[in-house]
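Visitor: I would like to know how the labels used for a protein model are decided. Please show me one.

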Amino acid sequence: MLRTVPLVSVPRISLRPTRVSARIFRPSSQAFARYESSKSADPEALRAARKLHDSLQRDWQSPILTYEHVKPKTLRPSNEAYLIDVREPDEVIRGSIPSSVNLPLSTLATSLNLKPQDFREKHGFDKPEATQEIVFYCRSGKRSASACDIARRHGYQNLFNYEGSWLDWVAKEGGPKP
């Protein structure tokens, strides 16, 4: 059982505008010490908690694609699949994967809430359907993973993350340095 004991109690200091106090203002708080925290919890309960965490995490992790999966999509683009670059426009100027469209991560959530007509006016391409295949990429793969999570929260189902993203693409294609 975990018990906490207050160690120090810092008094509140009233701040009056007419009187300047020489004492330093500290918010009222208490510091606590933990006793018996070195006791290990029930191993079966820990295993069950880890298993539950892993199963919940699997629901949010999108399948990861490699260069070999993405390359054919750039050679034969279709209306059934989107390759979306979630980097900011100033990064996209340096180069992008052929047939990709730019939808910055900073505007992704609000853009996915737009009506299809407003989305097309703002971004210049049709809003993806909830069941369409969408491959997200960024510079290194971190923002694209976040984009997959955001899209999944907005009801999109067929999502993929190009893990190597732009850095991997440039290394394999021999394009401009990132």
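Guide: What follows is a short talk about terms and the values behind them. This is a predicted model, in which local features need pLDDT of at least 70 and side-chain atom pairs count only at pLDDT 80 or more, while totals for chains, interfaces and linings use all residues. Residues are numbered from 1 along each chain as its sequence is written, and side-chain values use heavy atoms, with hydrogens and water left out.

Visitor: Why is glutamine 132 called buried?

Guide: Buried means under 20% relative accessible area, exposed over 50%, and partly exposed in between (1.4 Å probe, protein chains only). Glutamine 132 has a relative accessible area of 11%, so glutamine 132 counts as buried. Of the 178 residues of the protein chain, 29% count as buried.

Visitor: Where does glutamine 132 lie?

Guide: Glutamine 132 is in the loop between helix H5 (116-123) and strand S6 (133-137). Helices (H or I, at least four residues) and strands (E, at least two) are DSSP runs, numbered from the N terminus. The protein chain has seven helices and seven strands.

Visitor: Which residues does glutamine 132 touch, not counting those up to four places away in sequence?

Guide: They are Asn79, Glu80, Tyr82, Lys127 and Asn158. Contact means heavy atoms within 4.5 Å.

Visitor: What makes the pair formed by glutamate 129 and glutamine 132 a polar contact?

Guide: A polar contact is a pair of N or O atoms within 3.5 Å; within protein, one must be able to donate a hydrogen and the other to accept it, and residues adjacent in sequence count only if both atoms are side-chain atoms. The backbone nitrogen of glutamate 129 lies 2.7 Å from a polar atom of the side chain of glutamine 132, so the distance is within the cut-off.
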